Amino acid sequence: MSITAAFMLPHPPLIIPEIGKGSEGGIRRTIDAYHEAARRIGAAEPETIVLISPHQIMYTDYFHISPGKGAGGDFGRFRAGEVKTKVSYDTDFVEKLCGLAQKKALPAGTYGERDQKLDHGTMVPLYFVDQYWKDYRLVRIGLSGLPLTKHYALGQCIRETADALGRKTVVIASGDLSHCLKEDGPYGYKEEGPVYDRHIMEVMGNADFGRLLEFPEDFCEKAGECGHRSFTIMAGALDETKVTAQKLSYEGPFGVGYGICCYTVCGADALRNFRTQYETKERMQIMERREKEDAFVKLARATIETYVSTGEIPDLPKDLPDEMYRQRAGAFVSIKENGSLRGCIGTIQATRASVAEEILYNAISAAVKDPRFAPIEADELDKLVISVDILGETEEIDAPDKLDVKRYGVIVTKGRKRGLLLPNLDGVDTVEEQIAIAKNKAGIRPEEEVRLERFEVIRHY
């Protein structure tokens with residue numbers, strides 16, 4: 001196997017002596033572990049290092065791979081411009097990886113370079129690596145807003161590329177853990193922070209990579225994590241691979257978690273095909289869920305499947321419950337894939353002759369017209385979880401204390417700007433969060449006063 005080792009490494013600039021200026025002593029265990037990891041990389045003598053950084057260029061629906069022959073950077077933004085890094089890229093590896101990703105319909109490539117300079121998520125690991133080994137070429141990869149399974153799939157492409165080229169390769173997943181461990185940390189304290197760090201160090205320390213795919217998106221967001229997607233790409237690069245895992249260190253004295261783990265490749269292991277296992281489990285759960293879907297959700301799903309497969313708007317079925325033909329109401333269709341939102345479009349009030357028509361047209365819009373996401377493709381249809389919300393009458397309220405995030409949705413209005421958020425959403429636990437998200441969706445500034453309305457929904461699964 002061409003990938004011989006992989007490493008989970010944090011990237012606090014503070015551990016660079018010229019930046020820390022003595023304060024780096026507060027994370028001495030991290031520094032000592034970093035040197036140990038770098039020594040192991042040096043001992044492996046890789047021809048290519050694939051480094052995944054959360055601070056590389058990031059797109060919602062695309063993995064950016066750095067183009068060109070090489071790049072450089074310094075720590076000027078951390079008041080240490082004299083500390084510089086320069087790398088040569090493995091252009092053959094990049095070309096092969098991009099071609100393989102294209103064949104697999106995975107959106108990854110070298111387009112969209114906005115800043116050629118190296119980011120600190122890349123330079124901090126290389127600061128240590130370069131002290132022990134310099135005879136390598138780099139492949140620098142960013143993250144995306146795509147589901148975790150897509151990140152894992154990119155890792156699988158990395159492994160296939162290394163094998164195809166016969167490159168002796170080491171993979172580095174650059175990423176800090178939670179940024180919410182202490183009140184005086186970067187994002188204050190959130191109870192999800194230490195919970196995330198405890199769980200992720202257990203997962204990574206045991207190389208139990210399948211569990212990476214099971215972390216809920218809203219939980220990761222609340223925890224303020226940085227490297228989860230990096231770790232998932234690395235896990236994909238070790239797919240069907242037997243590894244020896246070793247946790248070298250964990251600490252978080254400044255409110256940010258720093259963990260270092262090393263993985264030595266020991267051979268093949270077909271049972272460690274975690275993405276396949278996860279997707280198989282998900283499909284089985286979706287099949288069970290489909291059997292229990294009511295007429296509202298069945299209509300949305302059938303509409304999406306027909307439109308995505310044929311491009312044609314289906315006729316309204318004639319065997320729906322009578323209420324769906326008689327009732328008129330606003331309706332939202334929400335689509336999730338692998339636990340992540342994949343599309344959500346709806347109407348606040350009735351715009352069609354019946355709620356059935358409302359669902360039909362909103363289902364199409366949610367699938368292919370939500371501007372936040374790429375249109376759903378045919379190969380995604382068996383992975384979708386769909387829900388339909390039928391909205392009740394809106395009611396103007398005079399204060400936020402008349403809201404309840406579990407019971408009421410909210411509409412905020414400022415002039416011509418209007419934003420809506422449904423009730424009882426994962427990750428939205430307070431009225432303040434609910435109003436803030438609705439304002440953001442409408443393009444209303446956080447400090448602006450708004451008119452508030454509330455509404456109830458009937459949610460169909």
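Q: Let's begin with the open sheet. What is the order of its strands?
A: The model is predicted. In it, six strands form an open sheet in the order E7-E2-E8-E1-E10-E9, and the pairing is mixed.

Q: Which strands stand at the edges?
A: Strand E7 (137-141) and strand E9 (241-251) do. Each has a single partner strand, so one side of each is left without a neighbour in the sheet.

Q: And how are neighbouring strands turned against each other?
A: On average, neighbouring strands of this sheet are turned by 15 degrees, with direction ignored.

Q: What holds strands together in general?
A: The strands of a sheet pair through backbone hydrogen bonds, in either a parallel or an antiparallel way.

Q: So do E2 and E7 pair in the parallel or the antiparallel sense?
A: Strand E2 (residues 48-52) pairs with E7 in the parallel sense, over five bridges. Within this pairing, Thr-48 stands opposite Arg-137 in E7.

Q: Which strands does helix H4 touch?
A: Helix H4 (residues 120-129) packs on the sheet and touches strand E1 (3-9), E2, E7 and strand E8 (169-174). The direction of H4 makes about 145 degrees with that of E2.

Q: What about helix H8, which strands does it lie across?
A: Helix H8 (residues 228-237) lies across E1, E2, E8 and strand E10 (258-268). H8 runs at about 160 degrees to E8.

Q: New topic: the largest nonpolar core. Which residues touch the most other members?
A: That core has 54 residues, and Ile-158, Met-204, Phe-209 and Tyr-263 touch the most other members. Helix H5 supplies the largest share of this core, seven residues.

Q: What does Ile-158 touch?
A: Leaving out residues up to four places away in sequence, Ile-158 touches Ile-3, Val-50, Phe-93, Leu-97, Ile-141, Val-171, Ile-233 and Ala-237.

Q: How many residues are in the other core?
A: The other core lies apart from the largest one and has 37 residues, among them Leu-9, Ile-15, Ile-27 and Tyr-136.

Q: Back to H5. Where is Gln-156, and is that residue buried or exposed?
A: Gln-156 lies in helix H5 (residues 148-165). Gln-156 counts as buried because its relative accessible area is 14%, and the cut-off for buried is under 20%.

Q: What does Gln-156 touch?
A: Not counting residues up to four places away in sequence, Gln-156 touches Gly-236, Ala-237, Asp-239 and Arg-275.

Q: And Ala-43, buried or exposed?
A: Ala-43 has a relative accessibility of 64%, so this residue counts as exposed. Ala-43 is in helix H2 (residues 28-44). The C-alpha atoms of Ala-43 and Ala-363 are separated by 55 Å, and these residues are 320 residues apart along the chain.

Q: Let's look at strand E11. How many of its residues are buried?
A: Six of the seven residues in strand E11 (residues 331-337) are buried, and the strand is mostly covered.

Q: Which strands does E11 pair with?
A: E11 is joined to strand E13 (residues 384-391) by seven bridges, and the two run antiparallel. There, Lys-336 stands opposite Val-385 in E13. E11 also pairs with strand E12 (residues 340-346) in the antiparallel sense, over six bridges, and the bridge partner of Val-333 in E12 is Ile-345.

Q: What is in the hairpin of E11 and E12?
A: Two residues lie between the strands of this hairpin, and Asn-338 takes a positive phi near 55 degrees.

Q: Last topic, aromatics. How many aromatic pairs are there?
A: The count comes to nine aromatic pairs. One of them is Phe-75 with Phe-78, a tilted pair at 6.2 Å centre to centre and 55 degrees between the planes. Phe-75 is buried, at 0% relative accessible area, whereas Phe-78 is partly exposed, at 25%.

Q: What kind of pair do Phe-209 and Tyr-263 form?
A: Phe-209 and Tyr-263 form an edge-to-face pair, 5.4 Å centre to centre with 65 degrees between the planes. The pair links distant parts of the chain, 54 residues apart: Phe-209 is in the loop between helix H6 (192-205) and helix H7 (217-223), and Tyr-263 is in strand E10. Both Phe-209 and Tyr-263 are buried.

Q: Which ring does Arg-352 lie over?
A: Arg-352 lies over the face of Tyr-361, at 3.8 Å from the ring centre.

Terms used. Residues are numbered from 1 along each chain as its sequence is written. This is a predicted model: local features need pLDDT of at least 70, side-chain atom pairs count only at pLDDT 80 or more; totals for chains, interfaces and linings use all residues. Side-chain values use heavy atoms; hydrogens and water are left out. Helices (H or I, at least four residues) and strands (E, at least two) are DSSP runs, numbered from the N terminus. Buried means under 20% relative accessible area, exposed over 50%, partly exposed in between (1.4 Å probe, protein chains only). Contact means heavy atoms within 4.5 Å. Two strands pair if DSSP finds at least two bridges between them. A nonpolar core is a set of buried Ala, Val, Leu, Ile, Met, Phe, Trp, Tyr and Cys residues joined through side-chain atoms within 4.5 Å. Axes are lines fitted to C-alpha atoms, for helices over the stretch in contact, and angles run from 0 to 180 degrees between N-to-C directions. Rings of Phe, Tyr and Trp (its six-membered ring) pair if their centres lie within 6.5 Å; planes under 30 degrees apart count as stacked, over 60 as edge-to-face and the rest as tilted. A charge sits over a ring if NZ of Lys or CZ of Arg is within 6 Å of the ring centre and within 35 degrees of the ring normal.
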